Amino acid sequence: MIREIHSNDIETCAHLLMDAYNMEPWNTHWTIETATRYLNEFFSSKDFVGFVILENNTIIGAMFAHRKTWWTNDELFVDEFYIAPHLQRQGYGKSLLEHAERYAKSQNLAGLTLLTNRYFPAKNFYEKHEYIQADHVVFMYKEL
Ligand SMILES: CC(C)(COP(=O)(O)OP(=O)(O)OC[C@H]1O[C@@H](n2cnc3c(N)ncnc32)[C@H](O)[C@@H]1OP(=O)(O)O)[C@@H](O)C(=O)NCCC(=O)NCCS
């Protein structure tokens, strides 16, 4: 079952985020405090769009996204997307992504956009779903 994210889902989603990324190959060190703050930033945006996927009444994955204005047609930008590690590669990600695509279409949005790590498996997942790499875009940063 897939439904919209509610405020009382954030804590569960934060624990799931820690489960999904505090391991190989990401090796992040999200804490419940930083994960909750990170997800609440998306959730509190006025253009927030988010869904959770449940199995036996338990949240097993989440997508945090937002509607983004663009000069051609608005789009859905995916800020965060993850499935519980022990349930990955069983089609839940596909269900959640397709749900978001149906939502975007129902809202007359142009499509979905997102950033992902080119060296990690999610890139193959998106390519399987016909997402195209934008070669002209470069993600830049400066450490201070
Ligand atoms: C990426 C993610 C959301 C996909 O959800 P999922 O439920 O695992 O995906 P599905 O079962 O629908 O599709 C599986 C396909 O995705 C790709 N994939 C997902 N995880 C993979 C992994 N660990 N290794 C290799 N391929 C993987 C493969 O193409 C796979 O197909 P295959 O099993 O036939 O080889 C999920 O794996 C995940 O949460 N990963 C960790 C967090 C992450 O990277 N999020 C995306 C950030 S942009």
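Which pocket does the ligand take up? Select the ligand: the space it takes is the largest pocket. (On a 1 Å grid over the protein atoms alone, a pocket is an open set of points with protein on both sides within 12 Å along at least five of seven lines; a molecule sits in one if more than half of its atoms lie within 2 Å of its grid points.)

Before going on, keep in mind that this is a predicted model, where local features need pLDDT of at least 70, side-chain atom pairs count only at pLDDT 80 or more, and totals for chains, interfaces and linings use all residues. Residues are numbered from 1 along each chain as its sequence is written, and side-chain values use heavy atoms, with hydrogens and water left out.

You'll get 19 residues, and Phe 81, Arg 89, Gly 91, Gly 93 and Lys 128 come nearest. By class, 11 are nonpolar, five polar and three charged; here Ala, Val, Leu, Ile, Met, Phe, Trp, Tyr, Cys and Pro count as nonpolar, Asp, Glu, Lys and Arg as charged, and the others, Gly among them, as polar.

Next, zoom in on the polar contacts (N or O pairs within 3.5 Å). Lys 128 has a polar side-chain atom 2.6 Å from a ligand oxygen. For Gln 88, a side-chain N or O atom is 3.3 Å from an oxygen of the ligand, while Tyr 21 puts a polar side-chain atom 3.1 Å from a ligand nitrogen. On its own the ligand has 890 Å² of accessible area (Shrake-Rupley, 1.4 Å probe), and the protein covers 79% of that.

Colour by element (DSSP runs: helices, H or I, of at least four residues; strands, E, of at least two). β4 (75-83), α3 (92-106) and α4 (122-128) each give two or more residues to the shell, with α4 giving the most, four.

The structure holds six salt bridges.

Two backbone stops remain. Most residues other than glycine have a negative phi, and most peptide bonds are trans. Select Pro 25, in the loop between α1 (10-21) and α2: the peptide bond from Glu 24 to Pro 25 is cis, with omega near -5°. Then go to Asn 56, in the loop between β2 (48-55) and β3 (58-68), where phi is positive, near 50°.

How values were computed. Near = heavy atom within 4 Å. Polar contact = N/O pair within 3.5 Å; in protein donor to acceptor, adjacent residues only side chain to side chain. 1 Å grid on protein atoms, 1.4 Å probe; cavity = no way out; pocket = protein on both sides within 12 Å on 5 of 7 lines; lining within 4 Å. Salt bridge = Lys/Arg side-chain N within 4 Å of Asp/Glu carboxyl O.
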